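These entries record what I looked up in the structure, beginning with the strands and ending with the ligand.

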Amino acid sequence: MNEFIPPAKPLIGDEERAAVDRVLRSGMLAQGPEVKAFEEEFSEHFNLGRACVAVNSGTSGQHLGLLSSGVKAGDEVIVPSFTFAATCNSVALTGAVPVFADIDADDFCISPAAIEAAITERTVGIMPVHLYGHPAKMNQIMAIADKHGLQVYEDAAQAHGASLGGTPVGAFGTFAMFSLYPTKNMTSGEGGMVSVADAEVERLMRLYRNQGMEKQYHNEVVGFNTRMTDIHAAIGRVQLTKVGAWTKARQDNAAFLTANLEGVTTPPVAEGAVHVYHQYTVRIPEGRDGFAAALKEQYNVGSGMFYPVPNHQLKPFAGTANDADLPETMKAAAECLSLPVHPSLSQGDLERIVEAVNALAKAGA
Ligand SMILES: *Cc1c(COP(=O)(O)O)cnc(C)c1O
């Protein structure tokens, strides 16, 4: 049998190893000059035009961003149910209530119409997710937020470098979180980067990150230790020099798949959107689970389901929304299948993926 094609593959090279070694030899391991440089370089690389704050994970970044934006117990934040649990967890951890809105069929992202329908007098913000690396409908979402006096918190965990109408994701909301987990488009090992629009929100984030201290032993708020280490920042800084080429490879791989796949629904790209293909997600209308198993067993091609269980069905959030009110969420959860699109795929790998998917789609039809 052909070699296994994994659904994701973190890329770590000699440059990252050398950078880690440099930091280890310096003897300064915790948050320091590498983190500061990484924050500045990240903002500049992605043209965010705003300050960035590095933390130890994307989830902590969202949590701290929400706390720093004033989100508190009793507030409501509108979120998609079709996302990774961290989106909803970060809201719930502030004591606020995640209110689930349906997605749109075209981009798998939160639906502006569903957001409007979910607004109550307790709503303080909207957390759209740029799912799979495709920007959410930010023009409509920002207009709704303006009209109702709401904040927007972007979950850009999967969308480093994505943009809409020339504006990069991460430059729309009160804050935006980029995850640096190993399978994301770039990594620092674990980590998160948060872009922040407002200087006071940025200051609070830095306080919460460090036990509430700006000046040592003069704590101003009850804070966490969610600092990034200089070891992780050094990895991230190297990855910043590579992520542009990797994104181009993802886009080229996606273009090949879209041009050649038959019998499955390929992912559309909205007008004016730049999709960075964290995932390349097709829809298998019938028998998705068997399809994925056959891809692995018959063709040795890996795939992923992001996400088979929507958040409103997970134990912590069970009973907070009805399946019937989230029809596109339910449909996507049953149909979504992410095929390998990562930058390490060879032309031969891409051809094997196409051959396998087309054969299975034909057999199932
Ligand atoms: C990965 C991810 C997160 C969480 O990021 P971590 O760095 O793993 O904490 C949040 N939201 C989405 C959509 C993600 O994919």
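**Strand pairing and ligand site**

I first traced an open sheet of three strands, ordered β7-β6-β10 and paired antiparallel. Its edge strands are β7 (167-168) and β10 (273-274), each of which pairs on one side only. I note that the model is predicted.

I then looked at how β6 is joined to β7. Strand β6 (residues 163-164) runs antiparallel to β7, and two bridges join them. S163 has P168 in β7 as its bridge partner.

Next I turned to strand β1. Is it enclosed or open to the outside? I found that four of the five residues of β1 (residues 51-55) are buried, so the strand is largely enclosed by the rest of the structure. Buried here means under 20% relative accessible area. Five bridges join β1 to strand β9 (residues 192-196), and the two run antiparallel. I located V55 opposite G192 in β9.

Finally I examined the ligand. Which residues are closest to it? I recorded T59, D155, Q158, S179 and K184 as the closest of the 17 residues that surround the ligand. A polar backbone atom of G58 lies 2.9 Å from an oxygen atom of the ligand. In the side chain of D155, an N or O atom is 2.8 Å from a nitrogen atom of the ligand. For Q158, a side-chain N or O atom is 2.8 Å from an oxygen atom of the ligand. The ligand exposes 380 Å² when taken alone, and the protein buries 93% of that.

I also noted that the space taken by the ligand is the largest pocket. The elements giving two or more residues to the shell around the ligand are α3 (58-68), α4 (85-93) and β8 (175-179). Of these, α3 gives the most, with three residues.

Notes. Residues numbered from 1 in each chain as written. Predicted model: local features only at pLDDT ≥ 70, side-chain atom pairs only at ≥ 80, totals over all residues. Heavy atoms only, no water. Buried < 20%, exposed > 50% of the residue type's maximum accessible area, 1.4 Å probe, protein only. Pairing = 2+ DSSP bridges. Near = heavy atom within 4 Å. Polar contact = N/O pair within 3.5 Å; in protein donor to acceptor, adjacent residues only side chain to side chain. Areas by Shrake-Rupley, 256 points an atom, 1.4 Å probe, with all protein chains shown as cover. 1 Å grid on protein atoms, 1.4 Å probe; cavity = no way out; pocket = protein on both sides within 12 Å on 5 of 7 lines; lining within 4 Å. Sits in = over half its atoms within 2 Å of the grid points.
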